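The sequence and the model are shown first.

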Amino acid sequence: MMKIIDELKGAKTVAVSGHIRPDGDCIGSVMGLYLYLKKEMPEAQIDAYLEKPAEIFGCIDHIEDVKSEFNTDRVYDVFVALDTTDDRLGEAQAIYRRAHKKINVDHHVSNKGCGDVNIVEPERSSTAELLYELMDPEKVDVQIAKALYIGIIHDTGVLRYSNTAPRTLQITSELVKFGFDFSEIIEETFYERTYLQTQIMGRAILESVRFMDNRCIVSMVTRRMMEFYRVTPKDLDGIVNHLQSVKDVDCSIFMYETGTLEYKVSMRSNGKVDVSAVAMKFGGGGHVRAAGCTMNGTYHDNINNLSIEIAEQLKAAGKNT
Ligand code: AMP
Ligand code: MN
Ligand code: MN
């Protein structure tokens, strides 16, 4: 397998970035690569760009270096886009466009590759796992290992989802050998929730509705609810996974209001529905079992539009079994 450093030869300035509303894999990957390149290319200037990471990621070394102000006039020799396509880079997209060389490392099935160099492997659990393969294991240190570990556990639900492959576990084992407190990381970055986060999750679960013979479940959070509980979109992570845990549910939908008649939609499935295909119909994407998109319209219109696609898939699957 090629190594990322081979694609960066001679570069004096390198930018590393990931998708908007960055999750654990996105942040772990960006920071893992950032720390790795700072060590491997001491002469070069390496910059990491991301929307401000949630406080729980404060345990990652040098997270304070992340630039959340985007100087769109900057021209980098190389720009590495991680865990995303260029259209989800947000404000960093303008910087990406100007870069002399674009490298795209990702694991989303919906990503057709948006760089001059594309390393897109949908069978990978996470971008962090793929990045580790692109690094020289001898050059990985405890801080890089910790960042990559966070990426892997967040995208695999702590090595629980079906995207966890034997190689994922091997890599995870190599990472934990560095001796960081993995148990504390899992607890503090994955499971721990503030009281208000727990309350809004409880409310979303309480108000959820099942349909299509209980095979689908949906819930939503309005802007007013977010104001009432004093939470931001970052605090809503994990709600959709709880909906998906309900017995007999094949597909779950969670949405929150982002503007007037605008919703961010998250979907999960047990594999019977390809939610990435559903999300792609509405301009989004993701993986077979976890995907997202942004939809315009009323909450009920959005449910109707999504259900048509989901019902078609469930009907087609029913015919084949
Ligand atoms: P979410 O439910 O938003 O956490 O997203 C689930 C998965 O789908 C993650 O891997 C996201 O990166 C991906 N995803 C979410 N929204 C989009 C989108 N608009 N386009 C492509 N991938 C997305
Ligand atoms: Mn991600
Ligand atoms: Mn990912």
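Is His19 buried or exposed? His19 is buried, at a relative accessible area of 3%, where buried means under 20% relative accessible area, exposed over 50% and partly exposed in between (1.4 Å probe, protein chains only). Asp23, in contrast, is partly exposed, with a relative accessible area of 25%.

This is a predicted model, in which local features need pLDDT of at least 70 and side-chain atom pairs count only at pLDDT 80 or more, while totals for chains, interfaces and linings use all residues. Residues are numbered from 1 along each chain as its sequence is written, chains are lettered from A and ligands numbered from 1 in the order in which they are written, and side-chain values use heavy atoms, with hydrogens and water left out.

**Metal sites**

Donors are N, O and S atoms within 2.8 Å of the metal (3.2 Å for Na, K and Ca); water is not among the atoms, so sites may look incomplete.

| Ion | Protein donors | Distances |
|---|---|---|
| Manganese ion (ligand 2) | His19 (NE2), Asp23 (OD), Asp23 (OD), Asp83 (OD) | 2.1 to 2.7 Å |
| Manganese ion (ligand 3) | Asp25 (OD), Asp83 (OD), His107 (NE2), Asp155 (OD) | 2.1 to 2.3 Å |

Along the chain, the donors of ligand 2 show the spacing H-x3-D-x59-D, and those of ligand 3 the spacing D-x57-D-x23-H-x47-D. The two manganese ions lie 3.6 Å apart and are bridged by Asp83. Asp83 sits in the loop between strand S3 (78-82) and helix H2 (93-98), and His107 in the loop between strand S4 (101-106) and strand S5 (117-120), so this pair ties together parts that are 24 residues apart in sequence. Helices (H or I, at least four residues) and strands (E, at least two) are DSSP runs, numbered from the N terminus. Both Asp83 and His107 are buried.

**Ligand 1**

Around ligand 1 there are 13 residues, of which Arg88, His108, Lys264, Ser266 and Arg268 come nearest; a residue counts as near if one of its heavy atoms lies within 4 Å. Strands S9 (262-269), S10 (285-286) and S11 (290-296) each supply at least two residues of this shell, and S11 gives the largest share, 4 residues.

Oxygen atoms of ligand 1 take part in contacts to side-chain N or O atoms, at 2.6 Å for Ser266 and at 2.9 Å for Arg268. A nitrogen atom of ligand 1 is 3.1 Å from a polar backbone atom of Gly285. Taken alone, ligand 1 exposes 480 Å², and the protein buries 84% of that (Shrake-Rupley method, 1.4 Å probe).

Methods:
Polar contact = N/O pair within 3.5 Å; in protein donor to acceptor, adjacent residues only side chain to side chain.
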